Amino acid sequence: MKRQPLRLAILEATRILEAAGVESPRNDAELLAAHVLGVERGRLPLVPLVDPPVIDAIGQLVAQRAKRVPLQYLTGWAALGGITVDVGPGVFIPRPETELVFEWGRSLLKGREYPLVVDLCTGSGVLALAVAHARPDAVVYAVDVDPHALAWARHNADARAAAGDTPIRLYSGDVGDPTIFAELDGLVDLVLCNPPYVPPGGDLPPEVVDHDPPQAVFAADGGLAVIRQVIATAARLLKPGGGVAIEHDDTHGSAVPSLVAARKVLTDVADHPDLAGRPRFVTARRATSP
Ligand SMILES: C[S@@+](CC[C@H](N)C(=O)[O-])C[C@H]1O[C@@H](n2cnc3c(N)ncnc32)[C@H](O)[C@@H]1O
């Protein structure tokens, strides 16, 4: 068989993914082709012709993506905060909206030396590892309750440490445990959290329903159960002037800020939109005076 134009393979892949209802078919077709070829997506135009085995490999991945297996499970990685982490079955895939939570946290740390940072509900470890990458002087703690997620987080933490980042301190634990990180009470500069927050029973795409771990996505009490615990833990951990950012469902743009404001030690409560303009994360600071 002779070599074929990559451009045509990508067009065909895009058509298949579009018919399967994939949200961004061209994007995914190009990323899968780049993954098979081992090049960055921006370099695809430099690859005019490809061998039949490459076409086959792209076709196999496209067939899986058409079955709505998440793109990142097929490529094996996700990016956030200037790093990539490995992901696969058993761990939540970092989402673009969480980038804004990270950026808020990074801004809060400006001017603070050797800050103490806690990532509650760490999943793949991405928020904790992104902070450790951006701020080598930070001491970063991270916790998750799920052993499968923790295995991914450990793998990613080892890889980032091997790449030269400051190692993070990774723990197994429940954010609802009133003694969790008790040794850090009143000492923490920044708490970041992307908890499970989707109200059970909603209409979600197959990538989420069939592949994301349910305990990473859904929370009882209409999606607020874990967030309530996170707010209590953050209020206890933060030092005066320290800040917290918590991602939430887009239907909770009033409910979550109200829960935060109900904690008298937390002030400057503000809600922030995601990249699509929907309410997405709340921030607050621990009051500096009693
Ligand atoms: C939405 S994922 C977020 C993962 C990661 N922070 C991110 O942004 O990609 C939520 C994570 O919270 C963990 N989790 C759920 N309930 C928890 C609890 N009570 N205590 C600690 N972790 C919990 C899940 O295992 C999952 O890894």
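**Entry 1: Asp189**

I looked up the side chain of Asp189 in this predicted model and found that a polar contact of 2.9 Å joins it to the side chain of Arg112. I then placed Asp189 in the chain, where it belongs to strand β8, which covers residues 188–193. Its relative accessibility is 4%, and because buried means under 20%, I noted Asp189 as buried.

**Entry 2: His248**

I next turned to His248, which I found in the loop between β9 (238–247) and α12 (255–261). Is His248 buried or exposed? With a relative accessibility of 0%, His248 counts as buried. Its side chain is joined to that of Asp271 by a polar contact of 2.6 Å. Among the residues that His248 touches, again without those up to four places away in sequence, I wrote down Tyr197, Ile227, Val256, Asp271 and Phe281.

**Entry 3: helices α5 and α6**

Two packed helices are described by the angle between their axes and the distance between the axes. For α5 (residues 98–109) and α6 (residues 126–134), I noted that the axes come within 11 Å and cross at roughly 40°. That angle makes α5 oblique to α6, and the crossing in which α5 passes α6 is right-handed. On the α5 side I found Thr98, Phe102, Arg106 and Leu109, which meet Leu127, Ala130, Val131 and Ala134 of α6. Sorting the residues of this contact, I recorded six as nonpolar, one as polar and one as charged.

Technical notes. Residues are numbered from 1 along each chain as its sequence is written. This is a predicted model: local features need pLDDT of at least 70, side-chain atom pairs count only at pLDDT 80 or more; totals for chains, interfaces and linings use all residues. Side-chain values use heavy atoms; hydrogens and water are left out. Axes are lines fitted to C-alpha atoms, for helices over the stretch in contact, and angles run from 0 to 180 degrees between N-to-C directions. Helices (H or I, at least four residues) and strands (E, at least two) are DSSP runs, numbered from the N terminus. Angles under 35 degrees count as roughly parallel, over 145 as roughly antiparallel, 65 to 115 as roughly perpendicular and the rest as oblique. A crossing is left-handed if the near helix is turned anticlockwise from the far one by less than a right angle, and right-handed if clockwise. Contact means heavy atoms within 4.5 Å. Ala, Val, Leu, Ile, Met, Phe, Trp, Tyr, Cys and Pro count as nonpolar, Asp, Glu, Lys and Arg as charged, and the others, Gly among them, as polar. Buried means under 20% relative accessible area, exposed over 50%, partly exposed in between (1.4 Å probe, protein chains only). A polar contact is a pair of N or O atoms within 3.5 Å; within protein, one must be able to donate a hydrogen and the other to accept it, and residues adjacent in sequence count only if both atoms are side-chain atoms.
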